[in-house]
Amino acid sequence: MSRVVDRAGTWIGWALFADLASAFTLTFGYMFSKPVTMQYPDKEKWLPYSRYRGHHFLKRDEEGEIKCVACELCARICPCDCIEVVPYEDENGNRHPAKFEIDTARCLFCGLCEDACPADAIALGQQYEFSSFSSRDLVIGRDDLLEKPGKAMAGGGVVAARLNTDEDVLVETSEPHGYNWWRNIRRT
Ligand code: SF4
Ligand code: SF4
């Protein structure tokens, strides 16, 4: 009986040692491999995939008119109650938003407003750099929403970028496509 116990103990010991050796191999492997820290925002910037849900934007039609008909469906469906729409009617009886505000501090970027809109007037774009020290700055009005960038045509990579603090805090890039940053990640 004691021989069986001894043998079992030896096997358990070897199994633990193998585990330890494998952990050390992984640790030392990372110690001597190339660092993969993204140099954001000084040198590199992430381009989100086109399916990414970032800052909202309002769309215009071919004539340049705002597409929103102020039906308030987006406001009704929003689970965070962070959209406020105040409609008005023009002389032809067409509805437009006199006020359209989104409180992005409360928004959870679920995309339900985009899905619910019957006029294809609102969508979530690719912009993700809009942090602020003031929550008031995160309430975005109609005119700002019309200026926001739309959906990305391409994305999913990292591009060379430059942090510009001359007037505002901007991470600038001129490259439309990025390189596959994930290829630098060591996988076992
Ligand atoms: S993305 Fe979701 S939470 Fe944000 S405004 Fe639209 S519906 Fe509301
Ligand atoms: S964005 Fe779309 S859903 Fe929201 S008020 Fe305008 S037309 Fe209606």
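Me: Which residues are closest to ligand 2, and how many residues surround ligand 2?
Reply: 13 residues surround ligand 2. The closest are Cys 68, Cys 71, Cys 74, Cys 117 and Ile 122. A residue counts here if its C-beta atom, placed from the backbone, lies within 6 Å of the ligand. This is a predicted model, where local features need pLDDT of at least 70, side-chain atom pairs need pLDDT 80 or more, and totals for chains, interfaces and linings use all residues. Residues are numbered from 1 along each chain as its sequence is written, with chains lettered from A and ligands numbered from 1 in the order in which they are written.

Me: What makes up the shell around ligand 2, by class?
Reply: The shell has 12 nonpolar residues, no polar residues and one charged residue. Cys and Ile count as nonpolar (with Ala, Val, Leu, Met, Phe, Trp, Tyr and Pro); Asp, Glu, Lys and Arg are charged, and the others, Gly among them, are polar.

Me: Which residues does UniProt list as "binding site" together with Cys 68?
Reply: The unreviewed entry lists Cys 71, Cys 74 and Cys 117 with Cys 68. They are spread over 50 residues of sequence, yet the largest C-alpha distance is 10.4 Å, and they cluster in space. Such annotations may be inferred rather than shown by experiment.

Me: Why is Cys 74 called buried?
Reply: Cys 74 has 24 C-beta neighbours inside 10 Å. The rule for "buried" is 20 or more other C-beta atoms within 10 Å; 12 or fewer means exposed, and in between means partly exposed. Therefore Cys 74 counts as buried. Cys 74 sits in helix H2, residues 73–77. Leaving out residues up to four places away in sequence, Cys 74 touches Ile 83, Cys 113, Ala 116, Cys 117 and Ile 122. Touching means C-beta atoms within 7 Å.

Me: How do you know that Cys 117 is buried?
Reply: Cys 117 has 20 other C-beta atoms within 10 Å, so Cys 117 is buried. Cys 117 lies in the loop between helix H3 (112–116) and strand S5 (122–124).

Me: Which residues are closest to ligand 1?
Reply: The closest are Cys 78, Cys 107, Cys 110, Leu 112 and Cys 113, among 13 that surround ligand 1. By class, this shell has 12 nonpolar residues, one polar residue and no charged residues. The unreviewed UniProt entry gives "binding site" for Cys 78, Cys 107, Cys 110 and Cys 113. Those four cluster in space, with a largest C-alpha distance of 10.6 Å, although they are spread over 36 residues of sequence.

Me: Is Cys 78 buried or exposed?
Reply: Cys 78 is buried, because 20 other C-beta atoms lie within 10 Å. Cys 78 is in the loop between H2 and strand S3 (83–89).

Me: What makes Cys 110 partly exposed?
Reply: Cys 110 has 14 C-beta neighbours inside 10 Å, so Cys 110 counts as partly exposed. Cys 110 is found in the loop between strand S4 (95–103) and H3.

Me: How many helices and strands has the chain?
Reply: The chain has four helices and nine strands. These are DSSP runs, numbered from the N terminus (helices H or I, at least four residues; strands E, at least two).

Me: How does the radius of gyration of the chain stand against that of a compact globule?
Reply: A compact globule of 188 residues would be near 16 Å, but the chain has 26 Å. The globule rule is 2.2 Å times the number of residues to the power 0.38, and the radius is taken over C-alpha atoms. The C-alpha atoms fill a box of roughly 95 × 45 × 30 Å along the principal axes. Of the 188 residues, 14% count as buried.

Conventions
Contact = placed C-beta atoms within 7 Å.
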